[in-house]
Amino acid sequence: MVVERDLRATEGKSRHDIGREEFVKRIWSWRERYGSRILEQLKVMGCSLDWERLVFTMEPKYSRAVIEAFVRLYQEGLIYRDRRLINWCVSCRTALSDLEVEHDEGAQGELWEFAYPLADGTGEVVVATTRPETMLGDTAVAVHPDDPRHKAKIGKMIRHPFAARMFPVIADPILVDPKFGTGAVKVTPAHDLNDFECGQRHKLGFISIFDEKGVVTSEGGQFAGLDRFEARKQVKAKLKDLGLERGGKPHVHAIGHCQRCHTVVEPMLSTQWFVKMEPLAKPAIEAVAQGKTRFVPESWSKTYFHWMNNIRDWCISRQLWWGHRIPAWYCGSCAGITVERTTPRACRHCGGANLKQDEDVLDTWFSSWLWPFATLGWPDETRDLRTFYPTSVMETGYDILFFWVARMMMAGLHFMKKVPFRTVYLHTMVTDEKGDKMSKVKGNTIDPLEVAQKHGADPLRFALAWMTTQAAQGKNIKFSLSQVEDARRFANKIWNATRFALMNLTDYNADQFADRTAEDPDKVEFDLPERWILSRVQRTSEEINRALDDFKIAEAAQGLYHFIWNDICDWYIELAKTRLQDPSKAAERWKIQGALVTALDVAMRLLHPFMPFLTEEIWQQLPKAEGSPQSIMITLYPIPDPRYVDDASEASMALVQKVVTTIRMLRTEKNVPSIERPRVILNVADDYKKTILDGYRRLVLEQAKLGDLLVRRTGEAPGGPVVTGLAGDVEVILVLEAPADSAAERAKLDKERAKLDKDRDHLANKLTNPQFLERAPAAVLEKDRARLAEIEAALTRLDATLKGL
């Protein structure tokens, strides 16, 4: 399609103008040029692939598999040739399968009525249609047998107003809905699927009125030679002249378009090759029903079953020049068909040598449905086939669930007797910024090479992973370069953080750290920041592994982003800075260094599938124990080490972080310069929090840049200007040098109180809901109850502060 479009644009010619041989030569040239570009894109994007296994469906080995599949199915009676109604594209001049027709469900059209006079002069039958031109091929008018309006007309004849022929009024309860339109339906068996089936039931005539270009044939009489849409206008005008027009009205209906070129599809009678699908679909339905193959998201199973249970025979022949040519030869002597794996010397029916191969090629999906095993050497019983079939996960877009996935299921079960994959992960579509699907035909694709050159391959990869959040909500992804830029800033953050770390690791001994922590990490006596970050490393490893196992790609990307940006860069590196440069902490230096290297090492390995280039570069520079792998690609993907999980340290650090964050917020709010070291008073609700904040007051002093910190159970605010805030249920009082605006302070605290009230009501309602109490895990209930108690305590403190104001 793309090559023909270019040919038309540059030379003003179609493929028919230059002939089959020249056109196929140009397609091969296009394939060589753009096929290699696709491979270059994959490499630039960092796809880790076995390039020695590159397969192209038109290669001789693969073509052999395609021919083998066709011959076997033909011999088994599952492939046949027949004259049937098919979807025809008048632009591409080829048959289309049902799946290659895209339906515009909201198309605006006209439901136009006209009358057919009865031949005996006793009246007329009014019919309604959206395609008046097809009346040139009508061979009956159908009515419902129980419709009192038309009962007396059944069996009568109609004289066609433009052709020297008559046809009957027939009764058909299947085709006709008496409640729709006039209750009478014009029947064009050669140009409508429902009419085709009606024609078969009643043994009607089948009159084809269009040729392959959509032009009216001689069967159209005075309208012969007209394009189908021009014929529509002239047929309407002629019927009006004859006094047979009965009016029209706007009508919304579905119009089928060719998936390749978007031309309106024409149902036409044609002799084509078909695959019987029902016998192949049954085992594929059972395989999913029995759980041998599962879909992610699971909701696609319902769609799969609906399509498979209503499947029609597949038209596999195409009147195109690019593809696998059908291995069928027609005998000029006896008209018999010979289907063989190689070119036959004689007709298998009469022995004659006057044979001509079918000009048509196979639907591209006929070769693709063999992919899981044809790529591994089938039909030969190869070692690769025994080793790698079936595969574990099939990842593709939901838009080709039927084109490809369902057909691979059928082919795999038929030829290999096993499902081709255990899990099918269906991703959503990445569209352009307008929401239109990207395609080579539309020319709206984004070249990843250009994006990677400007922003980097890693940011592009990470942004795409992050954007799948929209996919989890069932939406298509509108590709946004701004998100790629955000990911680039994330990459820069990682790079800068690592530079700081490496500057402080020149004297670090990785083997020594490994030896000292090999048996029992508790004996090392890490300080709180190290216990916390090492626990967060394990927690994050668990979360990322679980998200990836569940195919929650965006959740994994976001979890890594927050762990690296917040936990490592914003907190742990800041906590490590002052202590690594503190001579009094020399004895603890190796512990801080070890925790820092561990956090970065695990973070890089977790992040590697998302950002392979950056992580490899950083990992290579990190200190490593002797005997470590040569590349991050062949290290083990991190799994949590329960020895380092420390709930108490995470809770303690969370409290310190809340307090520091609140102090920073208050400083910003009151424009307290960073060089100033103000005094802060913390009023805490219990001895446990007091113990923690007293114990780690140095961390609070350093991170909040304070001159003095007082932690107490309760007490009045000191005289003079202050500003207050809440860190959970801890009241934070920042002592100011200049007077504070009490009205502004009250407004701020009122707003904070309103939010706490809302949160309290929400939690209280949850915790009094019997259904929630019955279904929620114990850990969730415990967390919500603790949060409610914290909010109640915070409200009490807030009320006291407001009273003081």
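What is the order of the strands in the open sheet of three strands? I looked this up and found S4-S3-S9, with antiparallel pairing; strands are DSSP runs of E with at least two residues, helices runs of H or I with at least four, both numbered from the N terminus, and two strands pair if DSSP finds at least two bridges between them.

I note that this is a predicted model, in which local features need pLDDT of at least 70 and side-chain atom pairs count only at pLDDT 80 or more, while totals for chains, interfaces and linings use all residues. Residues are numbered from 1 along each chain as its sequence is written, and side-chain values use heavy atoms, with hydrogens and water left out.

Strands S4 (124-129) and S9 (245-258) stand at the edges with a single partner strand each, so one side of each has no neighbour in the sheet. I then followed S3 (residues 101-117), which pairs with S9 in the antiparallel sense over 11 bridges, and saw that Glu102 stands opposite His257 in S9.

Last I checked Glu731, which lies in strand S25 (residues 730-735).
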